[in-house]
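Welcome to this short tour!

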Amino acid sequence: MAMASFARRKAYLLSRNLSNSSPDVFRYSHSLTAFSRGFASSGSDENDVVVIGGGPGGYVAAIKAAQLGLKTTCIEKRGALGGTCLNVGCIPSKALLHSSHMYHEAKHAFANHGVKFSSVEIDLPAMMGQKDKAVSNLTRGIEGLFKKNKVTYVKGYGKLISPSEVSVDTPNGDNTIVKGKNIIIATGSDVKSLPGITIDEKRIVSSTGALALSEIPKKLVVIGAGYIGLEMGSVWLRLGSEVSVVEFAPDIVPSMDGEIRKQFQRSLEKQGMKFMLKTKVVGVDTSGDGVRLTLEPAAGGDKTTLEADVVLVSAGRSPFTAGLGLEKLGVETDKIGRILVNERFGTNVPGVFAIGDVIPGPMLAHKAEEDGVACVEFIAGKIGHVDYDKVPGVVYTSPEVASVGKTEEQVKTLGVEYRVGKFPFMANSRAKAIDSAEGLVKIIAEKETDKILGVHIMAPNAGELIHEAAIALQYDAASEDIARVCHAHPTMSEALKEAAMATYDKPIHI
């Protein structure tokens, strides 16, 4: 059946016959016809593909291009591959999330399982060392993959000087020109700043500084209740900080399904995290030993103050497109600096492409990787495909929250009649057996066809469980399809099966 599904998908893509016209606002499904292009021979000084940026989108694009037989060079200014994700984002944060969770479990939960200690201590330098080791090993691993696939790696800051030339300022002060028939911009994103707040990475930190604190702050204030702020707040909360989250919006993680969001917030509050929603920061005073924030209701009103040892600014990210020479070449961008591309990731300048955080769409490492593969496939005359409506997202707190597809609020807005099936982990045998039964699975399906529209999971390992749902959405499965798949017992994944049963019929175990 999978082979037939793939054949149908390929036939559909080939039948689209979409034009390679000028860029418009980026469409959320890149399912396109192939096109042919001539390539330089392997002995030429000119590359077939030059990638500016060695993050998840860039390095994956470079490797895929080389695997397709294209002469490829990747330029990275950081001096270490992996981009923000590997060096100061996804990987180090998950290392600290795991280490802090182990400490918290040892201190608060191990005794319930008959494992007792006379005392539990935090060795913060060792914890940071484990994080740094994971980062360095993975960075060297990418360099090894470059060598294996014969990707040329150039360290330095790349800037477009023509549609086929990149000027690179190298770390030793030299400058070199890298030529390519196709140039892919994959420079990622940077921390979004807030007016009147200066990040010094000591007392007022970005996520980068929050990953490298030398001591545990007594009081930590997080500005922004999105994925990154809640994850980093969770790390220091577990290690002993008093954590307060200030959010301008009325809800945490606005993109999350409303019902799941409410349960998630209650869980974090139960752990000790405090929330100040519909609140804005209007002043910052760093004249003393700590930081004094002046707050005001988002709608206006009386001012209050909040003191902290460290303030984490986590108000989102901005595309890193400044200083790349885009204006000189006339590459079109939108009002917030994102590069506008067509359905083949091409800009309005022939031969110049863009992927990942610098273009519209979810700012997620795995989305950037898919962009990179699809973009290179188009360049090589093949078919690329990315559907942004089916990109899973995960908040790696404890419990984790993962989702794919549409929220219930989005489905209501579309006017689609739907059914909802839910199953709590309190009724899941594996969750009860391991004493980790907080959370639920929620499935939203079209009423008439039973087609799954969205899946939302709050559970200790939701980030792993969500991919069964992602596959189901990719192949337009019905909730009954999941319900009729035999799931091993006892497993946490049975909760997904039961939620699917609840969507189209009735669950067994509740």
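Start by selecting K442 and D257: the two form a salt bridge, with their closest N and O atoms 2.9 Å apart. A salt bridge here is a side-chain nitrogen of Lys or Arg within 4 Å of a carboxyl oxygen of Asp or Glu. K442 lies in strand β23 (residues 440-446) and D257 in the loop between β11 (242-246) and α8 (258-271), so this pair ties together parts that are 185 residues apart in sequence. Helices (H or I, at least four residues) and strands (E, at least two) are DSSP runs, numbered from the N terminus.

Before you go on, note that this is a predicted model, in which local features need pLDDT of at least 70, side-chain atom pairs count only at pLDDT 80 or more, and totals for chains, interfaces and linings use all residues. Residues are numbered from 1 along each chain as its sequence is written, and side-chain values use heavy atoms, with hydrogens and water left out.

Are K442 and D257 buried or exposed? Both are buried; buried means under 20% relative accessible area, exposed over 50%, and partly exposed in between (1.4 Å probe, protein chains only).

Next, select K422 and E259, another salt bridge, with the closest N and O atoms 2.7 Å apart. K422 sits in strand β22 (residues 418-424) and E259 in helix α8, 163 residues apart. K422 is partly exposed, at 39% relative accessible area, and E259 is partly exposed too, at 25%.

Move on to E498, in helix α15 (residues 494-504). E498 is buried yet has no salt bridge, and the nearest side chain of opposite charge, K497, is 7.7 Å away. For charge, Lys and Arg count as positive and Asp and Glu as negative, while His and the chain ends are not counted.

Now select H489, in the loop between α14 (479-483) and α15. The unreviewed UniProt entry lists H489 for "active site"; such annotations may be inferred rather than shown by experiment. H489 is exposed, with a relative accessible area of 58%.

For a last stop, show K77 and F320. K77 lies over the face of F320, at 5.2 Å from the ring centre. A charge sits over a ring if NZ of Lys or CZ of Arg is within 6 Å of the ring centre and within 35 degrees of the ring normal.
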